[in-house]
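Subject: Structure handover, with notes

Hello,

Here is the structure I said I would pass on.

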Amino acid sequence: MPASTYQVDEGFSFMRGYSEKLYNRSCKVMPGGVSSPIRAFSPYPSFISRGEGGMMCDVDGNEMIDLCLGYGPLILGHGHPAVFEAVMRQANQGMLFGAPSVQELEMAEKLMKRTPCADMVRLANSGTEATMHAIRLARGFTGRNGIVKMSGGFHGAHDALLVRPGSAAMERCIPGSSGVPEDAVRNTLLAEYNDLEGMSELLTKNDDIAAVILEPVMGNCGLILPEEGYLEGLRAITEENGVLLIFDEVITGLRLAPGGAQESFGVIPDICTMGKAIGGGLPAGAVLGKEEIMSLISPAGSVYVAGTFSGNPMTSAAGNAVMNHLDATTYRTLDAKGRKLADAIRDMVSDRGMNACVNQIGSMFQLFIGRDEVTNHAQAQECDAEAFRSLFLGLLDNGVYLPPSQYETNFLCTEHHQNHIDKVVEAFDTTIREVVRSA
Ligand SMILES: *Cc1c(COP(=O)(O)O)cnc(C)c1O
């Protein structure tokens, strides 16, 4: 990473004493004080007491516009009446049956109807579970072992895909976490996003590859969009080599369009995974795909996939409510808001002569500091993560809550209205002024 050209200011005027106390208490009972690593940031994370619409409030009474939205799931914002009522109604009727229910059937039907690649659906409880199942399914279907993932791609916290991002393309992976045996990633190969030539070479040289898994729009190393023709090319190359194409649409599913990125870009994978938004704020995951593949899943077939909470009625009720609520107008409006905000931030950084760029699609956006273009993980890594950290803390101070990393994506929801967007623009303006060194 280059030396920061921006100030890294530790002296923020936080009014967050209670959060600090709770964090110190948490650190004694929870590793790092949190239940998932990205939530921890220095000096201490805000403890949230309440969410409402597009806003969150912390335990110290600070109100913030929430552009994290639970890392994407809350496309209707916090506590949407339609979701709230569906969940309360279901809680009243029973929270878990361990037997089939109408709610889960409807959820599967709704997902299938919206998702171009889906003839069948297996519901699960998280994105991690969904991609883990999808990998096993691809291996079971093809009888091959190799899996190609993108450098910088994230598919959850299970062994096979938990490999150090950023290694050179076409190299065998090394584990990205202690506790992952080398054997677990022996069959995982890395490729660079937006590089069709590299992928073509990789698939031609290796005849034991079951699937290529990628986020069609990369949302876990900042936000990176597919270049013109990339997804189409990937579809063609995988087909030529008899390799399955898996779209991990855990973020993009229901987020970019009713049918996710595959609908937006018109490229149909063999299998896709979903999570986040389909649960309406409750834990959710799903594997969807073509019938000849999906019918291999147990008990119909020999690929074992199971879960006590899978397809549970609470998540299904919430997911159904979200899907009932989203229509073409919702997406048009979200897209317009996303474009407007991205344009405003672009103008701001260009007015200040800042070396930065904004990537945006629909209701997702990210500002990269330190590069004028980011189209793959290697470029994302050249960005100034320390400057971003200052920006994040400054925005927090100005009432805007982002995911605390350059390598995440910011989200808008249906409950962010013009007044929120105006305030976000104002906060960015103030913060950028503070953060950019007068160079
Ligand atoms: C969040 C995420 C996952 C993991 O989902 P969990 O519900 O956190 O297990 C998988 N893939 C992508 C693309 C994600 O963004």
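The crossing of α3 over α9 is left-handed. This is a predicted model, and everything below should be read as computed from it. The two axes, those of α3 and α9, come within 8 Å and cross at roughly 40°. On the α3 side the residues in contact are Gln-103, Glu-104, Glu-106, Met-107, Lys-110, Leu-111 and Arg-114. They meet Pro-313, Thr-315, Ser-316, Gly-319, Asn-320, Met-323 and Asn-324 of α9. Sorted by class, this contact of α3 with α9 holds four nonpolar, six polar and four charged residues.

How many cavities of 30 Å³ or more does a search of the whole structure find? The search finds one. The largest cavity holds about 40 Å³ of space. Its lining consists of Met-107, Leu-123, Ala-124, Ala-284, Gly-285, Gly-311, Asn-312, Thr-315 and Ser-316. Two elements, β4 (120-124) and α9 (313-325), each give two or more residues to that lining. By class, the lining of the largest cavity has four nonpolar and five polar residues, and no charged ones.

The elements giving two or more residues to the pocket lining are α3 (102-114) and β4. Which element gives the most to the lining of this pocket? That is α3, with five residues. The class count for the pocket lining is 17 nonpolar, nine polar and four charged residues.

Helix α10 (residues 328-351) packs against helix α13 (residues 418-435) at an angle of about 20°, and their axes are 10 Å apart. Because angles under 35 degrees count as roughly parallel, α10 is roughly parallel to α13. The crossing of α10 past α13 is right-handed. From α10, the contact is made by Lys-337, Lys-340, Leu-341, Ala-344, Ile-345, Met-348 and Val-349. From α13, the residues are Gln-418, Ile-421, Val-424, Val-425, Phe-428, Asp-429 and Ile-432. This contact of α10 with α13 comprises ten nonpolar residues, one polar residue and three charged residues.

The other pair is helix α5 (residues 196-205) with helix α6 (residues 230-240), whose axes come within 10 Å and cross at roughly 10°. That angle makes α5 roughly parallel to α6. Leu-196, Met-199, Ser-200 and Leu-203 of α5 touch Tyr-230, Gly-233, Leu-234, Ile-237 and Thr-238 of α6. By class, the contact of α5 with α6 has six nonpolar and three polar residues, with no charged ones.

Last, the backbone. Most residues other than glycine have a negative phi, and most peptide bonds are trans. The following places depart from that:

- Ser-42 and Pro-43 are joined by a cis peptide bond, with omega about 5°. Pro-43 sits in the loop between α1 (17-29) and β1 (48-52).
- The bond from Ser-298 to Pro-299 is cis too, with omega near 5°. Pro-299 is in the loop between α8 (291-294) and α9.
- Leu-254 is not a glycine, yet its phi is positive, at about 65°. Leu-254 belongs to the loop between β8 (244-248) and α7 (260-265).

Regards

Notes
Residues are numbered from 1 along each chain as its sequence is written. This is a predicted model: local features need pLDDT of at least 70, side-chain atom pairs count only at pLDDT 80 or more; totals for chains, interfaces and linings use all residues. Side-chain values use heavy atoms; hydrogens and water are left out. Axes are lines fitted to C-alpha atoms, for helices over the stretch in contact, and angles run from 0 to 180 degrees between N-to-C directions. Helices (H or I, at least four residues) and strands (E, at least two) are DSSP runs, numbered from the N terminus. Angles under 35 degrees count as roughly parallel, over 145 as roughly antiparallel, 65 to 115 as roughly perpendicular and the rest as oblique. A crossing is left-handed if the near helix is turned anticlockwise from the far one by less than a right angle, and right-handed if clockwise. Contact means heavy atoms within 4.5 Å. Ala, Val, Leu, Ile, Met, Phe, Trp, Tyr, Cys and Pro count as nonpolar, Asp, Glu, Lys and Arg as charged, and the others, Gly among them, as polar. On a 1 Å grid over the protein atoms alone, a cavity is a set of points where a 1.4 Å probe fits but cannot get out, and a pocket is an open set with protein on both sides within 12 Å along at least five of seven lines; lining residues have an atom within 4 Å of a point. Grid points are joined across faces, edges and corners, and a volume is the space filled by probe spheres set on the points.
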